[in-house]
Structure formats: structure tokens, C-alpha cells
Amino acid sequence: MLSTLRRSRRTLWHIALPSLWVTASAISLNDNLVEITSVTGDSMSPTLSPDQDTTGRSDYIAWNKWDASGHVQRGDIVFFGLPNRPEDTGVKRVIGVEGDVVVLDARRRPKSGNGNANGNTNPTAGSHDVPESKSWDAWSGRAKVPEGHVWVEGDNWRKSKDSNWYGPISRSLILGKAMAVVLPTEKFGAKPWEGFASGTTVVRERVDTRTDLEVLEAMGTAT
Amino acid sequence: MPTNSKPPPNPRRFVPTDKSQAKPAPTPASPPTTPTTPPTTPTPRLTLYRKTLRYLHLNPTAPAARHRTFSNLLGDFLYYFLAAGLALHVFTKNGYTLGQAYGISMLPTIASFGDWLLISKTYRHGRNCHVGDVVSFRHPVNTGSYNVKRIVGMSGDFVLAYTPEEGEGTMVQVPEGHCWVVGDDLKWSQDSRMYGPLPLALVTGKVVAKWSSWWRWPEALEQGLRDAVIEDGDVD
């Protein structure tokens, strides 16, 4: 009986150790380099998960998690922690970066039933009692994206809860940038989000390259 | 069998080169009736289980001879270094981590320099966080920097939007999924009064203890709120 006990302890060690290696490596890889998740919901149809309502299959995407909140460009598909539900994540496209002025699309205005970020359903009431959104008002027509934030929108304008609902999101919330589709296998390696023309108008930040002297001369100094 | 009575040998250990362990060459003039067997290693019955173990290089019988060469030592070092690195990553991501704090915004709770903070990652994303907790979070405006402040309002609470006795006294309701953080040193802190409510998804953990000097024990941080005091630090 003792030899059976020794043999089972040896077997446990020979199975437990490789399992620990695999688990720790998978966790480290997932957190720092690449994570693969499924895209559920209709907000990115038909770019991502177009067949979800009919077949129930959602697309699986590989996310690049290395320095995800670093250089984020307009048009990137990003994976971020939701501002209204901290335990959940969302997948949307970046439309505007810091300094841009986004002309709020009339089709994407939150419906009166949903209300604005404060839950206020009166369309004439602004969100000016919440300091974070004092630069963004759902019915003001324009929103300037503050420093360190991005404006995200879902490709499906009919059914997307995005920055038009909760305002610009902090760039620190971004956890990953899309690399390629993994599943279904027919679309492996594809990047269906490229070449998408968003209907939202964005006024890009104009960088003033004139020197102080030129500004003064243009203003017309006294002497 | 003699090998079963010893504990499982570490496959990475070094053993001196033993010529007798080498595979014996087949003797050309072996009599047909008595097959030659290797003199030292006994041959157990190769069941399917043992064949699988051998295929996966998990052979529980005696390990091959490993010389103490530089490349073998380097291999050992890398193996244990990688194992330690992965284990440390998993632990600091989900368990506890130590971080050095600097800045005057949390005086007198946390010193301006030299304090090491023990951060519990089990409170990440604001799980089980309450008003009065000191939390660490990714900065909402300065992407990439981490800050430590105290929560004075959770989702749904009404908080004063600006400093007391300054401004109009506007009260604000903290939106869903957010919290309101304020530094302990109101005069010199950049917090939610400047950048608005903090999304709870940015919270990485709760500061449970601080270690100010290496000759002292770590001390638990005071959680909860108490009335503000005006501390006049100016030298008259």
C-alpha cells in the first residue's frame, strides 16, 4: 500500500507541475500580450458578430494588450472597461481623440426613454450638474474631447450604447487594441473593421504652428 | 523494485557521469537462449501508462546523467527565473503588491516621499470598496500614471463638487459605475474636484498598509472619514 501512495504522490507532482506552468503562462500572456475574447451584442454589426442574432455565433478577436492605452488612433477598434459597469468590458471604434471636436450625430442621440448620463429624461435639461460632462452635453450639438480621453462609437448607429450615451471615456480605460479575428475559422486573420467610413463628423484639433512673434504681427502691435 | 522506494528524483539534478548507465552495446556472440539485459537499470513492464510518461519525458525511473556545464547551469537559472517571474506576475496582479508613493496630496496619511504602500488587488474595479477607503487607480487624464486618493462618495452618493468654503457649494450626484476621490491634503491635491467622477474600472486596488521605515513594522492605513482639520504648517 505504501508503494501505491508513493506512486500516486509522484504522479500528482508530474501532473500538477506542468499544469501550474501552463496556467501561470496563460495568465501572464493574457494580461500582458494577447487576449482572445468574444464580441457579443449588436453594437458593432455588421463589422463584427454579424450573425449573432440569427445563428448565435459571435466573432472571437485577438486583442493586443501591450501598451494598449498608448498611441490610440482614430479608427482603431478598442476593448475597454465600461465606465458605467466596472466589471464589464465593451468593444467599440475610436472616432475622436483628445482635442477633437465631435459633431454629435443626430441619428445617434439617446432616445428619450434612456435619458442622458444622469438618467434625466428631459431632453431640454443638460448634464451640467455633473462636472465631468460640463464639456459634453448630449443635446448641445458638439462635444470637445478633453485631454486624456477618447470618443468611441459602435458601428451600428441604430443600436449602440457608446460615447453618445456616457460621453468621452478616459484613455486609461482602454485594455486592448484589435489585432485580427480568430473565430469563425473562415474569417481567421481578417480585419473586417478596416476601411470603415464613420458617418460622424470630427473636427480635428488644429495645431497652431505660428510662433508668438507671428501671432503678434498678425494682431498688429502698437509700434 | 529498488527505484520505487526513493522519493521522485529531480530531473534537473546533476549526477556524475557513470559509464555503467550508458546503453550497453549488443554483444555479437550472444547465445540465443539467454537474452542480455542492461546490468544496472531494471526493465519494468511497459504498460500503456508508463509508455505515456516516457513519451512526455516524465519518466519516473532514473534520470539521464546531467553534467554541470555552463549551458546546463544557465538553463536551470532561466527555468527558475521564468517560474518565479510568472508566479510573481500572477500574485501581484490578483493578490498584493508593494508600490512606492511620492507627492504631497495625501499628507498626513502618506508621507511625501519614502513610504511603501501595500495594495490589495482583491479590491480592483471597486469591488467591496466603501466611502473612506484609500484606493490606487490609473489616472483618468494622465494616461499611464497611477494615483492614490481616498473615496468620499460611491455611485449614487451626493458629494460637494468643490472645496468647502470655496465655490458655490454645488452638490453633485456620483453617476453609476463611478466614485468621487479626494486627497487628504485638500489644498494641494488634484482629484475629482478637478477631473470629475472616477470610473471604478480604473481602480486597481485598495491601500491596506504603509511601510514608512525599514526598521518599523508596516502600519495599517486609517480607513473611513473623519472631520477635516485646518493644519497650519506655516512657520510664524
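**Stop 1**

Select Cys129(B): it is in no disulfide, and the nearest cysteine sulfur, in Cys179(B), is 7.7 Å away. That is too far for a bond. Cys129(B) is buried, at 6% relative accessible area, and Cys179(B) is buried at 0%. (Buried is under 20% relative accessible area, exposed over 50%, partly exposed in between, with a 1.4 Å probe and protein chains only.)

A word on ground rules: this is a predicted model, where local features need pLDDT of at least 70 and side-chain atom pairs count only at pLDDT 80 or more, while totals for chains, interfaces and linings use all residues. Residues are numbered from 1 along each chain as its sequence is written, chains are lettered from A and ligands numbered from 1 in the order in which they are written, and side-chain values use heavy atoms, leaving out hydrogens and water.

**Stop 2: the UniProt pair**

Now jump to chain A and pick Ser43(A) and Lys92(A), which an unreviewed UniProt entry lists under "active site"; such annotations may be inferred rather than shown by experiment. They are spread over 50 residues of sequence but cluster in space, with a largest C-alpha distance of 7.8 Å.

Where does Ser43(A) sit? Look in the loop between strand E1 (34–39) and helix H2 (52–55) of chain A. (Helices, H or I of at least four residues, and strands, E of at least two, are DSSP runs numbered from the N terminus.) Ser43(A) counts as buried, at 12% relative accessibility. Lys92(A) lies in strand E4 (residues 89–96) of chain A and is buried too, at 7%.

Show the side chains: those of Lys92(A) and Ser43(A) make a polar contact at 3.0 Å. (That's a pair of N or O atoms within 3.5 Å; within protein, one must be able to donate a hydrogen and the other to accept it, and residues adjacent in sequence count only if both atoms are side-chain atoms.)

**Stop 3**

Finally, select the open sheet of 3 strands in chain A, ordered E6-E5-E10 with antiparallel pairing. (Strands pair if DSSP finds at least two bridges between them.) E6 (142–144) and E10 (201–203) stand at the edges with a single partner strand each, so one side of each has no neighbour in the sheet. Strand E5 (residues 101–103) of chain A pairs with E10(A) over 3 bridges. Click Val102(A) to find its bridge partner in E10(A), Val202(A).

Technical notes:
A disulfide is a pair of cysteine sulfur atoms within 2.5 Å.
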